[in-house]
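I set down what I looked up, entry by entry.

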Amino acid sequence: MKFVVGLGNPGLRYARNRHNVGFQIVDAFAAAHGLRFDRFQFKARIADGRLDDQRFLLIKPQNFMNLSGEAVRPLVSFYKIDLADLLVVYDDLDLPLGRLRLRPFGGAGGHNGMRSLIHHLGSDRFPRLRVGIGRPSGSMDPADYVLQDFTPDEEAVMALTRATAVQAIAVWLREGLDAAMNRFNVA
């Protein structure tokens, strides 16, 4: 079994925020594959799926972003998931809007949700799909920026980005991380 964890903040207030790209993408993946988040376990909403012969869980932690590890670690322990079989999808200020970057491991890069996961899992050795949201212009505080909704122009870019991310997750599930990185990490 594999896990695909989307990072975000629960509630309608945050649903369209830049910081909720992880939730948006796992929701899009669920919709594309006819899955529903119909279970709740260890502070997370879960959709159970199968792609070809690969069983997976889509996971949306239901505590706030900065506490994501508190929801994910018990699931990893309960299902005895190897960290190499855990893909985390999240927003990244350091990538241009719409850019995707898959990596096999790495630090938190200033992202508090990733910091929580790394702390609670005791390792940074798990794959991640970073989704570029760009940096705020001028002197806007990045914390305020990530909690804003995408502008209409940005949303047009992100609609395509979400669709591409859904494809990247499917390749990761079917063929593995190297295949997904080769196909979706473009310059």
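**Entry 1: the largest pocket**

I looked up which elements line the largest pocket, and found that strand 5, helix 3, strand 7 (128–132) and helix 4 (142–146) each supply at least two residues of the lining. I worked on a predicted model, in which local features need pLDDT of at least 70 and side-chain atom pairs count only at pLDDT 80 or more, while totals for chains, interfaces and linings use all residues. Residues are numbered from 1 along each chain as its sequence is written, and side-chain values use heavy atoms, with hydrogens and water left out.

I noted the element rule: helices (H or I, at least four residues) and strands (E, at least two) are DSSP runs, numbered from the N terminus. A pocket is an open set of points on a 1 Å grid over the protein atoms alone, where a 1.4 Å probe fits, with protein on both sides within 12 Å along at least five of seven lines; lining residues have an atom within 4 Å of a point.

The largest pocket holds about 450 Å³ of space. By class, I recorded 9 nonpolar, 10 polar and 7 charged residues in the lining. Here Ala, Val, Leu, Ile, Met, Phe, Trp, Tyr, Cys and Pro count as nonpolar, Asp, Glu, Lys and Arg as charged, and the others, Gly among them, as polar.

**Entry 2: helix 2**

I checked the length of helix 2 (residues 68–79): its 12 residues should span 16 Å at 1.5 Å a residue, and the end C-alpha atoms are 17 Å apart, which agrees. The expected span is 1.5 Å times one less than the number of residues.

Which residues of helix 2 are buried? I found Ser 68, Gly 69, Ala 71, Val 72, Pro 74, Leu 75, Val 76 and Tyr 79. Buried means under 20% relative accessible area, exposed over 50%, and partly exposed in between (1.4 Å probe, protein chains only). The buried residues of helix 2 pack against several elements, including strand 1, strand 3 (44–51), strand 4 (54–61) and helix 3 (112–121).

**Entry 3: positive phi**

Most residues other than glycine have a negative phi. Lys 80 lies in the loop between helix 2 and strand 5 and counts as exposed because its relative accessibility is 70%.

Lys 43, also not a glycine, has a positive phi of about 65°. I placed Lys 43 in the loop between strand 2 and strand 3; at 43% relative accessibility, it counts as partly exposed.

Is Asn 17 buried or exposed? Asn 17 is buried, because its relative accessibility is 2%. I located Asn 17 in the loop between strand 1 and helix 1 (21–32). Its side chain reaches the backbone oxygen of Leu 147 at 3.1 Å. Beyond four places in sequence, Asn 17 is in contact (heavy atoms within 4.5 Å) with Gln 24, Val 146, Leu 147, Gln 148, Asp 149 and Phe 150.

Met 1 is found in the segment before strand 1 (2–6) and is partly exposed, at 30% relative accessibility. Not counting residues up to four places away, I found that Met 1 touches several residues, among them Phe 56, Leu 57, Tyr 79 and Ile 81.

How values were computed. Polar contact = N/O pair within 3.5 Å; in protein donor to acceptor, adjacent residues only side chain to side chain. Points joined across faces, edges and corners; volume = space filled by probe spheres on them.
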